[in-house]
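Trainee: Could we go through this structure together, one question at a time?
Mentor: Gladly, let's take a look at it.

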Amino acid sequence: MTRRLDRRRLDHRRLGAAALVALCLVQACLLQLATPGATAAAGSTTSGLTLAGNATYDVLPDQGKVAVRVALSATNTLKDTKTKKYFFRVGYVTVLPNTANYKLTGGSGKPKVTVSSKTATYVNLKLDFGANLPAGKSTALTLTYDIKDPGGAADRPIRISTSLVSFAAWAVTGPGTTGQTVTVRFPSGYDVLVRRGPLSGPTPDGSGHDVWTSGPLAKPLDFVADFSADRPTDYTSTQRTVQLADGTATVTMQAWPDDPAWEQRVGSIVERALPVLEREIGLPWPSDQPLQVREALVRSTGGYAGIYDPSEHRVDIAYAASDAVVIHELAHAWFNGGLVADRWIAEGFASHYAELTAKELGIDPVPVTAPDPGAPPTPLNAWGPASPDATGTEAWGYAASLQVADAIAARAGEDKLRQVWQQVQRGTGAYWPTPSAPEPGLGVPDWRGLLDLLEDTTKVSFADLWRQWVARPQDLQALTDRAAALDAYAHTLATAGDWQLPSSIRTALRAWRFDVARDILADTDAVLAQRAHLDDTARAAGVTLPGTLRTMFETAPGPEQAAAEATAEQTVVDAITAAQGARPGPVGVAEESIINVGLLFQHPDTDLADAVSALAAGHLNDAYANATAAEDAWRNAADNGRSRILSVILLAIATFILISLVRRGLMSPRRGVSTLAAHPAGTADDEGGAATKA
């Protein structure tokens, strides 16, 4: 929930203890003028009169007033002497301004009250007791008067109506007294906020009222309590349609039924301010739902003038909020937790754009006190949820956030700043690889994401502002690590040239995981070194590399696949280079013949050409196989030729020998065959003896 401090405190809250002490001094002087009379010593200036009062404030919203009743006890503390008798006839008390209908009753005569003097901050009343108050005597008096709503400006200190009650309560007593009390009665049903005091309560009194009491006061003249109260009511609703550059905005105004002036004033500002805010911020109206602008007391934030609730798309604006504060709250329709994550960003830029808009509309901006340069700064990252402490951390936070927002806008330029907000609204992160290829961010940007987007969009450094105003001590190391990582990133970008870096690098940078980013950058640098060597060797070999390495480098989440691809391509190029180196050079006729014999039935030139083509097509396995085949063929051609020639010679010799042997065997007669041929008719005897003639 986004909240804004109203720097214009109600006037009665400026009546602090110092002012009351001053009033009491005036009262004391007036009491001195109530010189005790004496039959023999008239004109004595010794003061011996005490006035002790217990005040009850009865809130009457239907009558537009607070009825005050003060039970006074007047005591003459002097003692008569034999020659002098002391008495008092009058006394003085100080009451709030904007009071009327004074009446004094009681005592032993006919008492009366008149105004002795008045200023914008107090009224002195002269109390005539109606009879002399002798020495050592007391009298009981009752002073009544009304606190009335004077009407006029919305931020007037006294407002008393059925919707809203705002006034201050004082103790009404004389100086030098102690133990007096203050009681305040509200009709039940009001939601009451009490500041200063202190008062205890509320306690139901059984008659439809809630009661707050101070108890006996040790220093009654220092006592002041501020009351602000409202109660549930049926709002008077009106609808306004505001024409914007990009469509229209529907705004539902919800005002208290007894405060039509608020609706007219705030509604007019809405109609004038929204078009200017849209143009200056550079974003269209952020919702298609009507914006509810509701009059409120805005008590929960200790004096803030507005609260924007994005879940309800509603702005609660204090009844007394200035015109500039209204514009600031309207700016929160854009700058809230849906656009930026950190409170200081939302508040700072809501204030920045409210100032630009107020200036264009001729409206006085919200007065902001510049941060005290001598005060210990509170880092904006340590500025937590809204707190009633508007003079300490809160005041610093609002002032510092605006100062930083103004400094960012001045350094970036309003046009570039609009581009940043447009990126944020689209949900894109910093470090796009190309203008046409935006990448998603990591959600609603916080102080880290905003710094990345600002520097990436504007190409200007903002880190010094972050160190001075934003970062807590524990955040400073992250800023140092970021600077080192971005230096490494810039180096890798330059080395990569027109190649896009792996997306994991940008993801790590956006997440502020600078240790991860540095590791990936180191691996990426190694791949780029592989690429450089690969390009050199491919150029020397006269081959064309496929686009696979670049595709893997740019599209894979990390550099691992690209590293493996580079290694594989390098292996193929090396194989082709080796094959080219194995091609035989010029040789003699005999050697060339030997080589040609060794290359019979092999085609290394074709293999090498196929390897080059396969490499260009990205078929690394085929390219490697062809390249190694060509290399093997050429490298072994001479040996294979000699081996083949020798084998042919040996085969020829073996063949010659075989033929010779066969031929000799055919030409030499065998003995048994020849005898049989010479003697065809002979027979052998049965005993295997010699053959005989027939």
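Mentor: Let's begin with a definition: a salt bridge here is a side-chain nitrogen of Lys or Arg within 4 Å of a carboxyl oxygen of Asp or Glu. Keep in mind that this is a predicted model.

Trainee: With that rule, how far apart are the closest N and O atoms of Asp639 and Arg642?
Mentor: Both residues belong to helix 17, which covers residues 637–667, and being 3 residues apart there, they are separated by about one helical turn. An α-helix has 3.6 residues a turn, so residues three or four places apart point the same way. Arg642 is partly exposed, at 38% relative accessibility. The pair forms a salt bridge, and its closest N and O atoms are 3.6 Å apart.

Trainee: How many salt bridges are there by this rule?
Mentor: Side chains of opposite charge can pair when their charged atoms come close. Some of the pairs are joined up: Arg279, Glu280, Glu360, Asp415 and Arg418 are linked in a network of salt bridges. By this rule the count comes to 31.

Trainee: Which parts does the salt bridge between Asp452 and Arg482 tie together?
Mentor: The side chains of Asp452 and Arg482 meet at 3.0 Å, N to O. Asp452 is buried, and so is Arg482. Since Asp452 and Arg482 are 30 residues apart in sequence, the pair ties together helix 7 and helix 9 (residues 476–496).

Trainee: Which helix gives the most to the lining of the largest pocket?
Mentor: That pocket holds about 460 Å³ of space. Of its 31 lining residues, the closest to its centre are Leu339, Val424, Gly443, Val444 and Pro445. Helix 6 (414–426) and helix 7 (447–458) each supply at least two residues of the lining. With 4 residues, the one that gives the most is helix 7.

Trainee: And how many residues in the lining of the largest pocket are charged?
Mentor: Sorting the lining by class gives 15 nonpolar and 12 polar residues. The number of charged residues is 4.

Trainee: What span does helix 11 reach from its first C-alpha to its last?
Mentor: Helix 11 runs over residues 514–541 and has 28 residues. At 1.5 Å a residue, a span of 40 Å is expected. The model comes close to that, with helix 11 reaching 40 Å.

Trainee: What covers the buried residues of helix 11?
Mentor: The buried residues of helix 11 include Phe514, Ile520, Leu521, Leu528, Arg531 and Ala541. Just after helix 11, Gly542 takes a positive phi of about 70 degrees. What covers the buried residues includes helix 9, helix 10 (503–510), helix 12 (548–555) and helix 13 (560–582).

Technical notes:
Residues are numbered from 1 along each chain as its sequence is written. This is a predicted model: local features need pLDDT of at least 70, side-chain atom pairs count only at pLDDT 80 or more; totals for chains, interfaces and linings use all residues. Side-chain values use heavy atoms; hydrogens and water are left out. On a 1 Å grid over the protein atoms alone, a cavity is a set of points where a 1.4 Å probe fits but cannot get out, and a pocket is an open set with protein on both sides within 12 Å along at least five of seven lines; lining residues have an atom within 4 Å of a point. Grid points are joined across faces, edges and corners, and a volume is the space filled by probe spheres set on the points. Ala, Val, Leu, Ile, Met, Phe, Trp, Tyr, Cys and Pro count as nonpolar, Asp, Glu, Lys and Arg as charged, and the others, Gly among them, as polar. Buried means under 20% relative accessible area, exposed over 50%, partly exposed in between (1.4 Å probe, protein chains only). The expected span of a helix is 1.5 Å times one less than its number of residues. Contact means heavy atoms within 4.5 Å.
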